[in-house]
Amino acid sequence: MGEGVFVDAAPYVSNDRPFDSRSVALADLWNRGVLDVVVANQNDRLRIYKNHTPGDRHWIAFEAPSRAGQKNPVGTQVQVFWNGQSQTQVINGGIGFSSQNQRRLHFGLGSTARVDSVRVIWPDGLREVMPEPGTDRLHVLSRPAPRQAQALDEWDQVR
């Protein structure tokens, strides 16, 4: 429901038949900026729960695909700043039992339509800042060519 409030949605998404569920994965299956849920069940069919979110909600997402000749993006940190708030996520190499969430980093912004800045820290320590990136879209990150790292005090002032 937003702002740390949750509702038990089980009565709305399942029937009376129990499933022997084995894994759950989150992914933006239709590239709409919301995370859908995929549940694998033992000896039964896969269940997909499409997320229906009000149209006034905003988001921003980041993806760093593995490319030939580039370092692996696992461990890349992305920090988003908006309205005096910040949130950090890290690209991981795998999560869950018998499943894998989409590697995209998804940040829900609620009713906020603007992000102040984004800081990216690559696994080798290279840092970059994206001032006012567009929201309601996926940004594909590409590790920049090596350059002199910003001074730490300068880095901490960028928000």
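Me: Which residues make the nonpolar surface patch of about 510 Å²?
Reply: Met 1, Val 5, Val 7 and Tyr 12 make that patch. Patch members have over 30% relative accessible area and no salt bridge, with nonpolar side chains (Val, Leu, Ile, Met, Phe, Trp, Tyr) joined within 5 Å. Bear in mind that this is a predicted model, where local features need pLDDT of at least 70, side-chain atom pairs count only at pLDDT 80 or more, and totals for chains, interfaces and linings use all residues. Residues are numbered from 1 along each chain as its sequence is written, and side-chain values use heavy atoms, leaving out hydrogens and water.

Me: Where is Val 5?
Reply: Val 5 sits in the segment before helix 1 (10–13); helices here are DSSP runs of H or I with at least four residues, strands are E runs of at least two, and both are numbered from the N terminus.

Me: Why does Val 5 count as partly exposed?
Reply: Because its relative accessibility is 45%. Buried means under 20% relative accessible area, exposed means over 50%, and partly exposed is in between (1.4 Å probe, protein chains only).

Me: Is Arg 104 buried or exposed?
Reply: Arg 104 is buried, at 17% relative accessible area, while Glu 63 is partly exposed at 24%.

Me: What does Arg 114 form a salt bridge with?
Reply: Asp 116 is one partner, with the closest N and O atoms 2.5 Å apart. Glu 132 is another, at 3.1 Å. Shared partners join Arg 114, Asp 116 and Glu 132 into one network.

Me: And how many aromatic pairs are there?
Reply: The count is one, using Phe, Tyr and Trp (its six-membered ring) with ring centres within 6.5 Å; planes under 30 degrees apart are stacked, over 60 edge-to-face, and the rest tilted. Phe 62 and Phe 107 have ring centres 6.0 Å apart and planes at 80 degrees, so the pair is edge-to-face.

Me: Are those two buried or exposed?
Reply: Phe 62 is buried at 0% relative accessibility, and Phe 107 is buried at 0% too.

Key. Patches are made of residues with over 30% relative accessible area and no salt bridge: like charges are joined within 9 Å, nonpolar side chains (Val, Leu, Ile, Met, Phe, Trp, Tyr) within 5 Å. Accessible areas come from the Shrake-Rupley method with a 1.4 Å probe; for residues, only the protein chains shown count as cover. A salt bridge is a side-chain nitrogen of Lys or Arg within 4 Å of a carboxyl oxygen of Asp or Glu.
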